[in-house]
Amino acid sequence: MNYDLGILSPAEAIFLKDSPNGIPENWINCNKTSVKIIPLAHGKKAGFIILPYLEKESKGLSQELIVELTELFKKFKNKTDILIGISSWGYFKEKKLLASPVFAEAPLDILLGSGDGPGMTGAVDDNGKTLWVRSYPTGKAVNRIDIFQWPSRDADFKWTSGQNIRWFLQSLRKNNRQEPTVLKLIEGISDDK
C-alpha cells in the first residue's frame with residue numbers, strides 16, 4: 001500500500017502480523033508514543049506524533065502524560081511546518097488534552113482523534129490553534145482537511161475556517177471504487193469473534 005503512515009492499535013498489530021499479508025509498510029503500532037516526520041514538496045515537513053495507546057478502562061488522562069507529550073510537541077513544533085497528533089484515546093481524553101493549560105503552551109496544529117465517543121467533522125479549539133477532527137465509527141465517511149496556509153509559529157496565528165483551512169466530511173457511497181490493495185490486506189482474515 002502506498003501510504004505514508006498508518007496507525008494500528010496493539011490488538012490490530014497482532015491481528016495483522018499473523019495475517020497472510022502481514023503489516024503494511026509504514027504502518028505503526030501505537031502502543032507507545034511515536035514520531036514520524038514526512039518530507040513534503042518545496043522543502044516543507046509534516047510531523048506526526050502518534051499518541052500512546054491507552055486502555056479503555058484507564059482512569060482518564062494523567063497530568064504527567066500531558067506534560068510529557070507537551071514537551072514532545074515543543075521539541076517538534078519548530079522542526080516541522082505542521083504538527084499533527086493522532087489519537088485513539090476517545091472523545092473525553094482528547095477533550096481533556098485540548099483543555100489543558102499545559103497543552104496550550106505548545107499546541108498541536110491538528111489533532112486527528114478516534115476511539116470511543118462521537119465522530120466530529122471538526123472544531124477549532126478555544127485558542128484557535130488546534131483543529132480537532134474525529135473519525136466516525138461506521139467507516140462510511142472520511143474527514144477531509146484542506147490547508148490553504150501553513151500554520152505560523154507566531155503567537156497571533158489562528159485557524160480560520162474558509163480562510164487558511166477548511167474541513168468537511170466526505171461520504172463513502174456504494175458507487176465508490178474499491179481499492180484492490182485494501183481488499184488484499186484483509187483477504188484471508190476471518191471475522192470470528
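An open sheet of six strands, with mixed pairing, has the order E3-E4-E5-E6-E8-E7. Strands (E, at least two residues) and helices (H or I, at least four) are DSSP runs, numbered from the N terminus. This is a predicted model, in which local features need pLDDT of at least 70 and side-chain atom pairs count only at pLDDT 80 or more, while totals for chains, interfaces and linings use all residues. Residues are numbered from 1 along each chain as its sequence is written, and side-chain values use heavy atoms, leaving out hydrogens and water.

User: Why is strand E5 largely enclosed by the rest of the structure?
Analyst: Good one to look at in the viewer. Ile-82, Ile-84 and Ile-86 cover one side of E5, with Leu-83 and Gly-85 on the other, all buried. Buried means under 20% relative accessible area, exposed over 50% and partly exposed in between (1.4 Å probe, protein chains only). E5 (residues 82–86) is largely enclosed because the buried residues number five of the five.

User: In E6, which residue is the bridge partner of Gly-85?
Analyst: E5 pairs with E4 (residues 45–50) in parallel through five bridges, and Gly-47 stands opposite Leu-83 in E5. E5 also pairs with E6 in the parallel sense, over three bridges. In E6, the partner of Gly-85 is Leu-111.

User: Is Asp-109 buried or exposed, and what is its relative accessible area?
Analyst: Asp-109 sits in the loop between helix H4 (101–104) and strand E6 (110–113). Contact means heavy atoms within 4.5 Å. Leaving aside neighbours within four places in sequence, the contacts of Asp-109 include Asp-81, Ile-82, Leu-131 and Trp-159. Asp-109 is buried, with a relative accessible area of 2%.

User: Which side chain joins that of Asp-109 in a polar contact of 2.9 Å?
Analyst: A polar contact is a pair of N or O atoms within 3.5 Å; within protein, one must be able to donate a hydrogen and the other to accept it, and residues adjacent in sequence count only if both atoms are side-chain atoms. The partner at 2.9 Å is Arg-153.

Definitions and conventions
Two strands pair if DSSP finds at least two bridges between them.
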